[in-house]
Amino acid sequence: MTKLEKGPQGRRRGRGARERILSASQQLFRAQGINRTGMDQLCEVAQVSKRTTYQHFPSKDDLVAEYLRRFDPDIMAGVFDRTDLTPRERLLAAFEVPASGPDELTPLCPYIAATVEIHDPEHPASRYAREYKLAVAARLAETAREAGATDPEQLGEQLALLLDGASTRTRVLNTESFPAAAAIAAVLIDNALPAADGGSGEAAVG
């Protein structure tokens with residue numbers, strides 16, 4: 001079970017309150033889920049009053065949406081904005097999730113987890129999660145287009161689906177699934193790039 005730490009004592013007011021609230025939400029929501037985290041517990045960990053919390057976030061819904069926005073505001077910039085990799089290599093780099101060992105597997109994608117818990121497709125967090133997933137697929141498609149894919153939108157959607165599937169399977173089976181997903185991704189990419197690497201994609205198609 002993840003150990004939950006309380007925030008710093010004696011800091012119930014001040015300019016850092018918003019950051020402490022968001023830090024506590026990331027800690028608690030990831031460790032025990034959104035629905036199981038009450039505002040009383042969150043305020044205790046953040047060391048702020050409920051009044052202060054609601055001054056920064058009018059509702060828990062607003063806090064959950066902001067919690068998700070902070071995970072990856074630039075849409076996987078660490079992969080897609082790399083200049084040291086070719087477009088094909090950037091597509092494969094999206095699957096390079098560090099192995100964390102059998103006791104500390106990568107947590108379920110926070111966007112998927114939030115959507116599963118919330119149910120309501122019009123909830124602010126659900127809308128943001130949807131926008132984020134579409135943005136990831138769009139960045140994959142853009143990179144696929146740079147690589148010369150014949151149908152970059154299709155490849156982008158296939159790779160986005162594969163990423164989400166690997167994340168979910170890792171959590172459900174309690175075993176790393178990204179290496180297998182990366183191998184599948186390489187086949188999909190090479191099939192979509194018939195001229196890549198001197199025709200390796202054409203060989204894969206046959």
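This is a predicted model: local features need pLDDT of at least 70, side-chain atom pairs count only at pLDDT 80 or more; totals for chains, interfaces and linings use all residues.
Are F29 and Y67 buried or exposed?

1. Both F29 and Y67 are buried.

2. Five aromatic pairs occur in the structure. One of them joins F29 and Y67 edge-to-face, with 5.0 Å centre to centre and 85° between the planes. The pair links distant parts of the chain, since F29 sits in helix α1 (residues 17–32) and Y67 in helix α4 (residues 60–69), 38 residues apart.

3. Y111 and Y132 form a stacked pair, because their ring centres are 3.9 Å apart and their planes lie at 10°. Y111 belongs to helix α7 and Y132 to helix α8, so this pair ties together parts 21 residues apart in sequence. Y111 counts as buried at 4% relative accessibility, and Y132 is buried with a relative accessible area of 7%.

4. Ring pairs connect F29, Y67, F71, Y111, Y128 and Y132 into a cluster.

5. The largest pocket has a volume of about 610 Å³. Its lining comprises 26 residues, and M76, C109, Y132, K133 and S167 are those nearest the centre. Two or more lining residues come from each of α7 (110–118), α8 (124–147) and α9 (152–173). By class, the lining residues are 17 nonpolar, two polar and seven charged.

6. Helix α10 (residues 178–192) has 15 residues and should span 21 Å at 1.5 Å a residue; its end C-alpha atoms are 20 Å apart, which agrees. The buried residues of α10 are F178, A181, A185, I189, D190 and A192. Viewed down the axis of α10, these fall within an arc of 165°, so they line one face of the helix.

How values were computed: Residues are numbered from 1 along each chain as its sequence is written. Side-chain values use heavy atoms; hydrogens and water are left out. Helices (H or I, at least four residues) and strands (E, at least two) are DSSP runs, numbered from the N terminus. The expected span of a helix is 1.5 Å times one less than its number of residues. Buried means under 20% relative accessible area, exposed over 50%, partly exposed in between (1.4 Å probe, protein chains only). The arc is that of the directions from the helix axis to the C-beta atoms. On a 1 Å grid over the protein atoms alone, a cavity is a set of points where a 1.4 Å probe fits but cannot get out, and a pocket is an open set with protein on both sides within 12 Å along at least five of seven lines; lining residues have an atom within 4 Å of a point. Grid points are joined across faces, edges and corners, and a volume is the space filled by probe spheres set on the points. Ala, Val, Leu, Ile, Met, Phe, Trp, Tyr, Cys and Pro count as nonpolar, Asp, Glu, Lys and Arg as charged, and the others, Gly among them, as polar. Rings of Phe, Tyr and Trp (its six-membered ring) pair if their centres lie within 6.5 Å; planes under 30 degrees apart count as stacked, over 60 as edge-to-face and the rest as tilted.
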